[in-house]
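Hi there,

Here is the structure I promised to pass on.

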Amino acid sequence: MKDLKKYAIIPATPEELYLALTTEITARLWTGDLVSIDATVNGEFSLWDGAITGRFLELEPSTKIVQEWYFGETDSPSIVTLKLHEHKKGTSLEIRQTNIPDEDYENIAEGWEDPYISSLIDFYTEED
């Protein structure tokens, strides 16, 4: 099992980014794909037509989102913590993911860059 840490600057306010990550209609717009989001503690979510699935563990509006991502049969859950910090160019998004199965690590790390982060940046860049 591996852990991952990434940072990205998203050209949106923390409030806008939080809504993009927790609101089904907005997530459909930035992912361009099928999305299901129940943004409540223990509520489940699915992005990119099921490519990413899990449940919400913590929700702190405009500040922090903690999720458990599902990876079939694993001993320890993969926990994703998204922290949103104000930044002069929008929002600094801090991503931490723990307990990534070794065989999935490379795909997960690449997926955070593209499509996840790149889709958010494109979505907010096009809005200007």
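First, the ground rules. This is a predicted model, where local features need pLDDT of at least 70, side-chain atom pairs count only at pLDDT 80 or more, and totals for chains, interfaces and linings use all residues. Residues are numbered from 1 along each chain as its sequence is written, and side-chain values use heavy atoms, with hydrogens and water left out.

The largest pocket has a volume of about 270 Å³. (A pocket is an open set of points on a 1 Å grid over the protein atoms alone, with protein on both sides within 12 Å along at least five of seven lines; a cavity is a set where a 1.4 Å probe fits but cannot get out; lining residues have an atom within 4 Å of a point. Points are joined across faces, edges and corners, and a volume is the space filled by probe spheres set on them.) Its lining has 15 residues, and those closest to the centre are Ala51, Ile52, Trp69, Asn107 and Ile108. Strand S4 (52-60) and helix H3 (105-127) are the elements that each give two or more residues to this lining, and H3 has the largest share, with 6. (Helices, H or I of at least four residues, and strands, E of at least two, are DSSP runs numbered from the N terminus.)

Gln67 counts as buried because its relative accessibility is 4% (buried is under 20% relative accessible area, exposed over 50%, partly exposed in between, with a 1.4 Å probe and protein chains only). The side chains of Gln67 and Trp69 are joined by a polar contact of 2.9 Å (a pair of N or O atoms within 3.5 Å; within protein, one must be able to donate a hydrogen and the other to accept it, and residues adjacent in sequence count only if both atoms are side-chain atoms).

Asp102 is found in the loop between strand S7 (90-100) and H3, and is partly exposed at 45% relative accessibility. Asp102 and Met1 are 101 residues apart in sequence, yet their C-alpha atoms are 5.2 Å apart in space. A polar atom of the Asp102 side chain lies 2.9 Å from the backbone nitrogen of Met1.

Best wishes
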